[in-house]
Amino acid sequence: SEYTTALFDIFSNYTVCDTHRNVDIFLDHKRLQEGRSFQSDFAKALANSVVVVPILSHHALVNMLDHSPVKEDNVLIEWLMSLECYNSPQSRVSKIFPIIFGPRDSTDEEKILNLFEDGSHFHKAPNVVPTASINKVEQLLKSNGLTPSNNLHQYTVQSLVKELSTFLCFLTWRAKRQNKVVAEGAHRVMNVLRGCDA
């Protein structure tokens, strides 16, 4: 969450189009209003986005190792909504640009390790269908006028993680300078955004 907050803040330095309009970024704890439904507002914002930037991290995967299919997981809901919106002609989403974090090096907090190495949590994502999260996504899609895909109920946590990793993305351990992953991430996201018909 420190990274997403820093990324959100740095976008105030960027503009898009010939009119130099500000980049409109949705980050839940910065944009959601008290007393409103987190999931409904989040789903509406995502469905109306042009580029979605999911954060796929070692820590998120650790939290999913003992995932219970009967419990909703907001991270899985975000990832499922991202893919469903991307694949829907009814949505504005035209690109998904994941930012992927491996674990931190135990001897050097600044160093980010490769998430895809053998034995990593990337390969240990559970092969279970996240039923409650899928059902919530189906409801959120319909409430935003989007038709769920035929693949929605086929996802497992493992297949969802692997699907997200197939997109061209920012592998943070390959950053030119690991203490500059926020700036490099923002620069890369802007390149993706400028390539869209925003």
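Which strands does helix α1 lie across, and at about what angle to β6 does the helix run? Helix α1 (residues 2-10) lies across β4, β6 and β9, and its direction is at about 150° to β6. Here axes are lines fitted to C-alpha atoms, for helices over the stretch in contact, and angles run from 0 to 180 degrees between N-to-C directions.

## Basis of the report

The structure is a predicted model, in which local features need pLDDT of at least 70 and side-chain atom pairs count only at pLDDT 80 or more, while totals for chains, interfaces and linings use all residues. Residues are numbered from 1 along each chain as its sequence is written, and side-chain values use heavy atoms, with hydrogens and water left out.

## Overall composition

The protein chain has eight helices and nine strands. Helices (H or I, at least four residues) and strands (E, at least two) are DSSP runs, numbered from the N terminus. Of the 198 residues in the protein chain, 47% are buried. The term buried means under 20% relative accessible area, exposed means over 50%, and partly exposed lies in between (1.4 Å probe, protein chains only).

A contact means heavy atoms within 4.5 Å. Among contacts in the protein chain between residues at least 6 apart in sequence, 72% join residues at least 24 apart.

Three strands form an open sheet in the order β4-β6-β9, with parallel pairing. The edges are held by β4 (55-57) and β9 (170-171); each has a single partner strand, so one side of each is left without a neighbour in the sheet. Two strands count as paired if DSSP finds at least two bridges between them.

Between β4 and β6 (residues 99-101), three bridges make the parallel pairing. In one of these strands, β6, residue I100 is the bridge partner of L56.

## A hairpin: β7 and β8

Strand β7 (residues 104-105) and strand β8 (residues 108-112) run antiparallel and are joined by two bridges. Together β7 and β8 form a hairpin, with two residues between them. R104 stands opposite I112 in β8.

## Helix α7 and its buried face

Which residues of helix α7 are buried? In this helix (residues 157-164), the buried residues are V157, L160, V161 and L164. Seen down the axis of α7, they fall within an arc of 95°, so they line one face of the helix. The arc is that of the directions from the helix axis to the C-beta atoms. The buried residues of α7 pack against β4, α4 (58-64), α5 (74-86) and β5 (95-96).

S133 has its place in helix α6. With 0% relative accessibility, S133 counts as buried. Leaving aside residues up to four places away in sequence, S133 touches H67, K71, E72, D73, L76, I77 and L80.

T131 is also placed in helix α6. This residue is partly exposed, with a relative accessible area of 37%. T131 and V70 are 61 residues apart in sequence, and their C-alpha atoms are 6.2 Å apart in space.

## Salt bridges

Side chains of opposite charge can pair when their charged atoms come close. A salt bridge is a side-chain nitrogen of Lys or Arg within 4 Å of a carboxyl oxygen of Asp or Glu. How many salt bridges does the structure hold? The structure holds two.

K142 is exposed at 54% relative accessibility, whereas E138 is partly exposed at 22%. Another salt bridge joins R188 to E184, with the closest N and O atoms 3.1 Å apart. R188 and E184 are separated by about one helical turn, because they are four residues apart in helix α8 (residues 181-194). R188 is partly exposed, with a relative accessible area of 30%, whereas E184 is buried, at 11%.

## Cysteines

A disulfide is a pair of cysteine sulfur atoms within 2.5 Å. By this rule, the count of disulfides is zero. C85 is buried, with 0% relative accessibility, and C169 is buried, with a relative accessible area of 18%.
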